[in-house]
Amino acid sequence: WSVYVACTMGSGASKQPAPAGGAGNTVISKQQAKSLFESLGVSTKDVDAMLSSVADGDKVKEAEVLEQCIRWAGCVVKGIRLQDFAELVEENKDWLRETSCRPFGATKMRNMYDLCDERIRVHSTLAERVVVLSEADLQQMRPQEEGGVLQSDKLWMTTSEVVFEGGVRVPAGFNLLSKVKSGGRMRKHYWKKGLARQSMWKTAGLPGHDAEVADCPEMNDAGEDRVRELDKLAAGDVVVFRKGVAYSETCRSEHVSMLSNFVSHFWGEPTLEFIESLKKHAVSVAPVDTDPGEVVYYICTLCNNQLAFHIDGWEQSEFNEALQFVATLHTATGN
């Protein structure tokens, strides 16, 4: 079973038509559409332009309204379709059956901690820089308040471009995620690929994608360990800076799907069990005659940028924005 809470539009076992996946079957009144736009911050002028062809009292397809929101205002919080998550799980099904590096409870299979560390952070990488630190470089690898170039917000992020002694340039906004070492715990399969490791990125075509992949000094059984304390870095350490996006940004769909479910879950639950719970939930809320795979969820592991996660107060957090979006849609459409 899955420990999760799904805040859902139109949820329920009756399977009445409801805007659970943005498949386009649900219709709403012009007034409901106006309320939806306005509550999402679209100006009255833009709302009138978008709905100018709709007569008062007429019904419009909700998916079309959402598409207009995206086109005119870019104001829709992005979730991930169940189908996209299911495909990621299917690609890694055999691996997910293996014993987790961080097992919880009686079931020892791989969980969302494993999936995030070993797959999601790799697939969602836009750019990467590998630096062999020198004694001089260590002077820069300090917090900004101590005269260095790094800002801490769970991950160490460059505040401006950094030029290291070996000539490597790391632009502002890259995060110092880990160091590569013999026997490192994470992403061993990634480093085994050498210069071909970029083949595991799924960000080609996205803004900021950088095809440059630096060679890494040869070492046996290379893997990564998280960098938590800067004062424990030493000359000769090989560190990795990365920039990326949320995994959901790497998933392309030919049509609009609407975020309508917020999922809070335990990362230690086996991923194979988690996906089965979501599949059952999607069947219960998907509009009649639509594919449950089109139901869209906010799942923090997949919808937050795991290479640059930060919260500037809970009101501005991705979690709160997603919850507010789902609540706004529910209120505006009366479902």
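Cys300 is buried (under 20% relative accessible area, with exposed meaning over 50% and partly exposed in between, for a 1.4 Å probe and protein chains only), its relative accessible area being 14%. The structure is a predicted model, in which local features need pLDDT of at least 70, side-chain atom pairs count only at pLDDT 80 or more, and totals for chains, interfaces and linings use all residues. Residues are numbered from 1 along each chain as its sequence is written, and side-chain values use heavy atoms, with hydrogens and water left out.

A disulfide is a covalent bond between the sulfur atoms of two cysteines; here a pair of cysteine sulfur atoms within 2.5 Å is counted as one. The count of disulfides is zero. For Cys300, the closest cysteine sulfur belongs to Cys303 and lies 8.4 Å away, too far for a bond. Cys101 is partly exposed, with a relative accessible area of 45%.

Helices (H or I, at least four residues) and strands (E, at least two) are DSSP runs, numbered from the N terminus. Helix α4 covers residues 82-91, and its buried residues include Leu82, Phe85 and Leu88. Helix α9 has 15 residues and spans 21 Å from its first C-alpha to its last, close to the expected 21 Å, where the expected span is 1.5 Å times one less than the number of residues. Phe274, Leu278 and His281 are among the buried residues of α9.

Rings of Phe, Tyr and Trp (its six-membered ring) were paired if their centres lie within 6.5 Å, with planes under 30 degrees apart counted as stacked, over 60 as edge-to-face and the rest as tilted. Phe104 and Tyr113 are stacked, because their ring centres are 5.8 Å apart and their planes lie at 25°. Phe104 is partly exposed, at 33% relative accessible area. Phe262 and Tyr298 also form a stacked pair, with 5.0 Å between centres and 15° between planes. This pair links distant parts of the chain, as Phe262 in strand β13 (residues 259-265) and Tyr298 in strand β14 are 36 residues apart. Phe262 is buried at 9% relative accessible area, and Tyr298 is buried at 1%. Phe104, Tyr113, Phe266 and Trp267 are linked into a cluster by ring pairs.

A charge sits over a ring if NZ of Lys or CZ of Arg is within 6 Å of the ring centre and within 35 degrees of the ring normal. The charged end of Arg102 sits over the ring of Tyr113, 3.9 Å from its centre. Arg119 lies over the face of Trp95, 4.0 Å from the ring centre.
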